[in-house]
Amino acid sequence: MADDEHGAYEMATPTGKYRNLNANDPNPVNPNPQSNTDCPPPRQHTTKIKAMPLPSNTNAKTPSISRPPRKPGPALGPYYHFISTDLNRMLWLGSALIFREISYDRPQIEFTSEAKLDFNWEILYDNIFNMRAYRVNISIELRHGDGDDRIGWKIDWSDRITEGAFHIARYNQKWRGGFFSCNGFDATVSEQAKSHLIFENVWEHLNSIHGQVSLHLLIWGGDQTYIDFIFEDIPFLKDWVDMEWNAKWTCDFRDDLREQVEEYHFNTYVENWERPEVKNALASIPSLMMWDDHDIFDGAGSYPPLLHDSPMMTGLFKTAQRMRLLFQHHTTVEKARDHGLFGYQGYNFLTLCGPNLAILGADARTERTAEVVQDELTWNMIFDRLDKQIQNIPHLIILFPVPFSFLRLKVAETCFEHIKNLPNKCRQLPLVKQTNSIFGLPELYDDLLDEWTHDAHIDERNRALRRFQELAQKKRVRITFFSGDVHCCGISRFKTHSKTNPPSIYDPKLMYQVISSAIVNLPPPRTAIHIAHLVKTTWYPIENTKEELVDFFQCQPETGKRILHRKILPNRNWCYFEQCDDIDPVIYTTTETGCFRRCFASKNRTTPEAGPISRSAESLARADIGQVHSATQTLKVRLWIESGRKHRPGREFVHYDLLIPNLI
């Protein structure tokens with residue numbers, strides 16, 4: 001393809017303007033970008049790019065998924081979103097996202113509830129790919145008492161009627177929710193590997209639990225969609241991937257390309273949201289979402305300046321941001337601040353779930369660079385809001401799509417950093433090309449740089465950790481981190497490290513990291529997990545603080561037998577959580593390790609596939625038990641694990657429980 005058709009600038013010749021560009025160089029056509037979405041305007045082009053091919057099914061097991069994604073039908077939704085509870089006005093606040101083909105009138109929606117309910121319509125886009133995007137703003141009376149309020153809904157589309165319901169917790173009710181991440185397969189997963197997994201299996205299990213005990217909230221922890229295949233399905237991007245190094249990173253993000261990319265994102269969201277198992281959840285469980293890299297492109301933000309600031313990466317990022325705000329937050333770039341999202345450049349949220357639980361969603365992509373995860377201005381805004389709004393709240397969940405506490409892989413970091421800095425001529429060597437990503441850097445380079453524990457980000461993480469400790473101490477709030485991204489599950493924690501460690505219920509530095517990933521994507525090989533257990537898993541990151549991966553899994557999901565590698569499991573999974581008053585002193589039994597655990601078969605099976613439980617909770621000294629109030633406000637976390645193919649009957653799904661006490 002000719003340079004003019006690509007829209008590339010002068011380059012790559014002995015006399016060219018940009019010769020032998022290094023990955024760490026400023027991008028010559030975008031040297032001072034103000035944000036990850038600051039894309040330089042393209043030149044005028046006289047040629048047109050190739051159209052996308054027609055969709056085709058890629059897997060008979062998942063007929064709802066096609067390549068490229070199909071155009072939507074004439075009616076979509078409703079997709080419910082939870083915003084917050086307003087305890088001053090005693091209201092539950094949320095929204096519904098509805099799409100209707102522009103040739104139709106606005107559909108009619110009707111709600112039925114014992115609680116008072118008001119709603120109003122708002123148009124987000126009058127015409128987006130021949131669809132009108134509506135936001136229905138919903139406010140529901142937050143009634144006193146225990147129990148739930150059922151909110152029935154019915155939509156008259158004029159040519160058909162759909163109906164359903166969701167449940168909200170009353171003021172005194174303990175909230176129940178779910179958390180998951182990685183809702184699809186990335187481009188590195190082979191068709192053979194996919195064939196061994198049932199695409200929707202873990203989703204169906206989540207829905208079955210919701211069918212027995214209604215969830216009030218479903219937290220999506222990143223990689224809600226996998227946009228990876230865009231580089232194979234859009235002809236221009238497929239050609240761009242194979243372009244010469246300098247040409248690739250000075251290439252225009254053309255207007256006609258932007259239109260194709262936007263439509264691809266739109267159709268990908270619709271196709272995923274309309275998968276039966278996902279559609280059921282979106283229509284019956286209000287959601288909270290925070291994006292991660294595959295919602296944008298693999299490793300978004302974690303690239304050196306030449307790539308990070310290029311017209312193509314900033315253009316792709318800007319397009320992904322627009323679609324993310326629409327589908328994940330029911331808003332637009334122009335309305336996001338009015339709809340409650342905040343940040344210097346990013347879009348974070350702080351949500352109150354009644355009087356006893358708060359959730360902070362941290363946007364760790366919009367401001368990300370190779371050196372920074374979130375701008376200091378955003379950190380200050382986050383802690384200012386937490387200081388003002390966390391008042392007598394026992395538990396605060398921090399949603400970081402990438403784990404705040406995880407393994408350190410410094411040797412691999414160093415190796416890939418050296419490979420990244422190879423001269424351009426070395427990128428064409430067969431061995432290097434085979435191990436490189438589509439962006440011309442080592443395949444695992446961005447995965448490692450994504451991590452909070454990478455050497456480039458650990459200082460920023462530790463500064464944030466100190467501030468979280470100060471917040472916990474000041475507000476007496478127990479902080480727990482929820483994360484995904486890494487395609488395995490486990491529990492890590494921070495705690496006080498001193499000669500006289502305080503009992504856990506009094507320790508403001510006790511913070512658990514819950515890692516739940518993936519609900520769909522392929523787990524890592526068991527060999528890789530075994531190797532991970534051989535590296536260091538205990539650290540002392542800041543003063544008087546111990547950080548460690550916990551020996552949490554005592555039993556093998558497939559057989560119930562005791563296992564050697566107990567910190568991380570390579571199984572697909574999702575996480576259930578609930579608030580509960582726990583007066584059972586056995587969970588605070590003193591042990592020398594400071595932690596009580598056991599593995600046993602469930603005596604009271606509330607689900608068809610309860611399986612074994614590994615129950616873990618921090619200990620209290622026996623002298624302290626009598627000083628605790630009659631009931632602790634415990635956050636119960638249950639990791640539901642999908643067993644491998646070879647499992648005993650009745651053990652397709654098993655669960656492992658973690659009981660997190662409040663802070664006194």
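I will take confidence, then helix packing, then a pocket, and finally some backbone details.

This is a predicted model, in which local features need a pLDDT of at least 70 and side-chain atom pairs count only at pLDDT 80 or more, while totals for chains, interfaces and linings use all residues. Residues are numbered from 1 along each chain as its sequence is written, and side-chain values use heavy atoms, with hydrogens and water left out.

On confidence, the average pLDDT of the chain (the predictor's confidence in each residue, from 0 to 100) is 87, and 84% of the residues score at least 70. Residues 1–15 fall below 50, and that stretch has 46 contacts (heavy atoms within 4.5 Å) beyond near neighbours in sequence. Residues 583–630 are also below 50, with 117 such contacts in the model.

Now to the helices, where I use DSSP runs numbered from the N terminus, with helices being H or I of at least four residues and strands being E of at least two. Helix α7 (residues 255–273) packs against helix α10 (residues 311–329) at an angle of about 35 degrees, the axes being 10 Å apart; axes are lines fitted to C-alpha atoms, for helices over the stretch in contact, and angles run from 0 to 180 degrees between N-to-C directions. Among the residues that make the contact are F266, Y269 and W273 of α7 and L316, M323 and F327 of α10. By class, the contact divides into 12 nonpolar, three polar and four charged residues, where Ala, Val, Leu, Ile, Met, Phe, Trp, Tyr, Cys and Pro count as nonpolar, Asp, Glu, Lys and Arg as charged, and the others, Gly among them, as polar.

Helix α3 (residues 201–212) and helix α8 (residues 276–284) also pack at about 35 degrees, with axes 9 Å apart, and their crossing is left-handed. Here W203, E204, N207 and H210 of α3 meet E277, V278, N280, A281 and S284 of α8, a set with three nonpolar, four polar and two charged residues.

What is the volume of the second largest pocket? The value is about 760 Å³, taken as the space filled by probe spheres set on grid points joined across faces, edges and corners. A pocket, on a 1 Å grid over the protein atoms alone with a 1.4 Å probe, is an open set of points with protein on both sides within 12 Å along at least five of seven lines, and lining residues have an atom within 4 Å of a point. Of its 29 lining residues, R526, P570, N571, G644 and R645 are the closest to the centre. Helix α16 gives the most to this lining, with three residues. The lining has 14 nonpolar, nine polar and six charged residues.

Lastly, the backbone: a cis peptide bond joins R67 and P68, with omega about -20 degrees, and P68 lies in the loop between β2 and β3. Another cis bond joins S517 and A518, with omega about 10 degrees.

How values were computed: Left-handed = near helix turned anticlockwise from the far one by under 90°.
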